[in-house]
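Have the sequence and the 3D view ready. The report below starts with the sheet and then turns to charged side chains.

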Amino acid sequence: MATTIYLVKDGDYTVSTDKSRLDISVIHDFLAKESYWAKDIPVSVVEKTLAGSLCFGLYYRDRQIGFARLITDLASFAYLADVFVVPAYRGKGLSKLLMRAILEHPELQTLRRWLLVTQDAHELYRQFGFTEVPNPEKFMQRHNPNAYTK
């Protein structure tokens, strides 16, 4: 993963890749209870995803209020996942701050392809250059939507 801690500050808000700052309870609570994509995810799985990803915590002062992670080789490809801002802090442009910080990360400037899946945030991601996948028939997946409830 990234070799140096990356920080972006905007007033009282900070985006950081320092994994030691992550509040696993905030991340797990949002993913397991509020997200549509990771309902009921066990905390042990969240911990494993954090260990294998480049993580971006969004903080108001010292309190974590958002998160995103990249599954990446840091050279050519990244999959953006688990992006959120807690409801109490939405509507302040913080998802845009988080996205700018991710896309401007110096170790990600050689990436050839970024992918993500979203049900409802297309307009946010379009502002940052994401488009629908051309030739979606070329893409394949193996999906187990009930992985956390078995």
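## The sheet

In this predicted model, 6 strands form an open sheet. Their order is S1-S2-S3-S4-S5-S6, and the pairing is mixed. Helices (H or I, at least four residues) and strands (E, at least two) are DSSP runs, numbered from the N terminus. Two strands pair if DSSP finds at least two bridges between them. Strands of a sheet pair through backbone hydrogen bonds, either parallel or antiparallel.

Strand S1 (7-10) and strand S6 (113-115) are the edge strands. Each pairs on one side only. From one strand to the next, the twist averages 20°. Angles run from 0 to 180 degrees between N-to-C directions, and axes are lines fitted to C-alpha atoms, for helices over the stretch in contact.

## Where S5 meets S6

Strand S5 covers residues 77-85. It runs parallel to S6, and 3 bridges join the two. Tyr79 stands opposite Leu115 in S6.

## Salt bridges between loops

The model has 6 salt bridges. A salt bridge is a side-chain nitrogen of Lys or Arg within 4 Å of a carboxyl oxygen of Asp or Glu.

Asp12 forms one with Arg61, and the closest N and O atoms are 3.3 Å apart. Asp12 lies in the loop between S1 and strand S2 (13-16). Arg61 lies in the loop between strand S3 (54-60) and strand S4 (63-72), 49 residues apart from Asp12. Asp12 is partly exposed, at 37% relative accessibility. Here buried means under 20% relative accessible area, exposed over 50%, and partly exposed in between (1.4 Å probe, protein chains only).

Asp62 forms a salt bridge with Arg21, the closest N and O atoms being 3.9 Å apart. Asp62 sits in the loop between S3 and S4. Arg21 sits in the loop between S2 and helix H1 (24-34), and the pair is 41 residues apart. Asp62 is exposed at 74%, whereas Arg21 is partly exposed at 29%.

Lys33 forms a salt bridge with Asp29, with the closest N and O atoms 2.8 Å apart. Both lie in helix H1, 4 residues apart, about one turn of the helix. Lys33 is exposed, at 57%. Asp29 is partly exposed, at 30%.

Glu123, Arg126 and Glu132 are linked in a network of salt bridges.

## How to read the values

Residues are numbered from 1 along each chain as its sequence is written, and side-chain values use heavy atoms, with hydrogens and water left out. Local features need pLDDT of at least 70, side-chain atom pairs count only at pLDDT 80 or more, and totals for chains, interfaces and linings use all residues.
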